[in-house]
Amino acid sequence: MGSVLLLYNPRAGNTFFRYSLDYFAEEMQKLNYDIRLFRSSEKGSMEAYLRSCSLEQVEAVFVAGGDGSVNEAVNGLMARDSHIPVGIIPAGTDNLFSKKLGMSQDVETAIRQLTKWSMRAYDIGEVNGRYFVQSCRVGFVAALKQKVSLDMKNSMGRAAFYVKGMGQLAKTRPFTAEIHWPEQEEPKKEKLIFMEVRLPDDGKLELLGVQAGLSKIPKSLVRLKKDKEGAVHYWAEQLFVEIPQGHMAVGVDGEVGVSPPLAFQIHSKRIQFFVGEE
């Protein structure tokens with residue numbers, strides 16, 4: 001009999017996932033799986049556990065938490081070159097990646113979706129040895145995410161980001177990014193207030209930047225198109241970004257990230273994730 005491993009963040013979101021633990025166990029036992037459970041005690045403990053635990057006979061790793069918990073799981077598995085598929089139970093404040101996978105935001109409905117065992121391979125990004133499933137952000141949005149405490153997120157939900165965002169935006173300072181990629185002989189220099197490298201899941205990295213000097217910041221930075229005023233857009237399999245200013249906030253999947261300069265690469269279709277029914 002195979003087994004599944006459940007990584008559980010007891011402080012994620014509204015902290016109510018604990019009431020669904022028995023339901024998860026019942027549904028997996030119907031599929032004749034043994035259940036192993038790891039309860040996270042602090043930030044980073046999921047990743048540390050996955051780096052060292054035995055994965056013998058583990059057929060799937062399930063993560064109950066938000067985007068930060070998913071990032072920890074992916075980094076733990078990638079560190080040991082594991083190809084075990086990953087399923088997400090959306091129990092955090094931000095569950096953006098689970099939504100991308102078509103997972104219901106109702107916990108027990110999502111658990112039932114996982115029992116269908118439907119999967120799809122997705123690209124994984126890497127920056128300075130840190131892996132991500134969504135994006136790496138540089139600038140005030142990254143700083144904003146890092147300044148919102150866990151207690152604030154749990155009590156206020158997404159509204160916490162708007163409350164902090166008003167003050168953070170006023171402190172925004174432009175930075176100069178020198179962008180290199182193999183196909184480009186000369187680097188591109190851009191003066192930006194925000195930069196994001198994300199994964200469109202087409203085997204390439206997508207760099208999106210907002211130029212400094214705009215009289216009005218767009219309502220949705222991540223939906224900017226190349227032909228929009230103030231937008232910078234590049235695609236490549238590898239990117240190297242030099243940012244000379246110090247103390248620049250960098251976030252990886254919404255968490256505290258790495259320090260510039262930033263070396264990016266893509267791992268095409270590297271991990272299979274459980275997806276919701278179409």
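The model is predicted: local features need pLDDT of at least 70, side-chain atom pairs count only at pLDDT 80 or more, and totals for chains, interfaces and linings use all residues. Residues are numbered from 1 along each chain as its sequence is written, and side-chain values use heavy atoms, with hydrogens and water left out.

Start at Ser-40. It sits in the loop between β2 (34-39) and α2 (45-52). Helices (H or I, at least four residues) and strands (E, at least two) are DSSP runs, numbered from the N terminus. Ser-40 has 7% relative accessibility, so it counts as buried. Buried means under 20% relative accessible area, exposed over 50%, and partly exposed in between (1.4 Å probe, protein chains only). Leaving aside neighbours within four places in sequence, Ser-40 is in contact (heavy atoms within 4.5 Å) with Tyr-8, Asn-9, Pro-10, Ser-45 and Met-46.

Now turn to helix α1, residues 21-30. Its buried residues include Tyr-23, Phe-24 and Met-28. The buried residues of α1 pack against β1 (3-8), β2, β3 (58-65), β4 (86-90) and α5 (107-114).

Next come the rings. There are 13 aromatic pairs in the structure. Rings of Phe, Tyr and Trp (its six-membered ring) pair if their centres lie within 6.5 Å; planes under 30 degrees apart count as stacked, over 60 as edge-to-face and the rest as tilted. Phe-62 and Trp-117 make an edge-to-face pair, with 6.0 Å centre to centre and 70 degrees between the planes. Phe-62 lies in β3 and Trp-117 in the loop between α5 and β5 (119-127), so this pair ties together parts 55 residues apart in sequence. Phe-62 is buried at 0% relative accessible area, while Trp-117 is partly exposed at 25%.

The structure has eleven salt bridges. Each is a side-chain nitrogen of Lys or Arg within 4 Å of a carboxyl oxygen of Asp or Glu. One joins Glu-178 and Lys-189 (3.6 Å, N to O). Glu-178 lies in β8 (residues 175-180) and Lys-189 in β9 (residues 188-198), so the pair ties together parts eleven residues apart in sequence. Glu-178 is buried at 19%; Lys-189 is exposed at 60%. Arg-198 bridges to Glu-206, with the closest N and O atoms 2.9 Å apart. Arg-137, Glu-196, Arg-198 and Glu-206 are linked in a network of salt bridges.
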